[in-house]
Amino acid sequence: MAALPKSGSHTHLHNAGLLRKKIRQPKQAAPTRVTAETKVRKIKDWFVGKNFDLQDLSIYNDRKEINTIEETAKAVRVQIVSFASGSFTTWVPKSCIAA
């Protein structure tokens, strides 16, 4: 067995090969991003009411357009642009996109 370094410091233990870092693996693979093709015209009212604050709600109600930025198999990232109040981006589940 190798002798421990005289100094018990972390650096000496690491250099002696006695200290190993445990690397955690992610629980799930990151979602695969696909080309943004889903067109969003409206988001379901219950989702808007639950997830948008007053400023976002004001922008959404005064929206000029909703641009799709990116998407995964289950969600779409959109930019909501209003006529006068600015814009914001958010992720919306595909199941919450209104027809």
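Tutor: Happy to. Phenylalanine 52 is buried, with a relative accessible area of 9%; buried here means under 20% relative accessible area, exposed means over 50%, and partly exposed lies in between (1.4 Å probe, protein chains only). Bear in mind that this is a predicted model, where local features need pLDDT of at least 70 and side-chain atom pairs count only at pLDDT 80 or more, while totals for chains, interfaces and linings use all residues. Residues are numbered from 1 along each chain as its sequence is written, and side-chain values use heavy atoms, with hydrogens and water left out.

Now for the rings around this residue. The structure holds 4 aromatic pairs. Rings of Phe, Tyr and Trp (its six-membered ring) pair if their centres lie within 6.5 Å; planes under 30 degrees apart count as stacked, over 60 as edge-to-face and the rest as tilted. One of these pairs joins phenylalanine 47 and phenylalanine 52 edge-to-face, at 6.4 Å centre to centre with 80° between the planes. Phenylalanine 47 and phenylalanine 52 are both buried. Phenylalanine 52 also forms an edge-to-face pair with phenylalanine 88, at 5.3 Å centre to centre with 90° between the planes. That pair links distant parts of the chain: phenylalanine 52 lies in the loop between helix H2 (45-51) and helix H3 (54-61), phenylalanine 88 lies in strand S4 (residues 87-93), and the two are 36 residues apart. Helices (H or I, at least four residues) and strands (E, at least two) are DSSP runs, numbered from the N terminus. Phenylalanine 88 is buried too, with a relative accessible area of 11%.

S4 pairs with strand S3 (residues 75-82) in the antiparallel sense over 7 bridges; two strands pair if DSSP finds at least two bridges between them. Across these two strands, alanine 75 stands opposite proline 93, and arginine 77 has tryptophan 91 as its bridge partner. The hairpin of S3 and S4 has 4 residues between the strands, and glycine 86 takes a positive phi near 105° there.

On to the next strand. S2 (residues 63-71) pairs with S3 in the antiparallel sense over 7 bridges, with glutamate 65 bridged to valine 81 in S3. A hairpin of 3 residues joins S2 to S3.

Put together, 3 strands form an open sheet in the order S2-S3-S4, with antiparallel pairing. S2 and S4 stand at the edges, each with a single partner strand, so one side of each is left without a neighbour in the sheet. The protein chain as a whole has 3 helices and 5 strands, in the pattern α-β-α-α-β-β-β-β along the sequence. Of its 99 residues, 23% count as buried.
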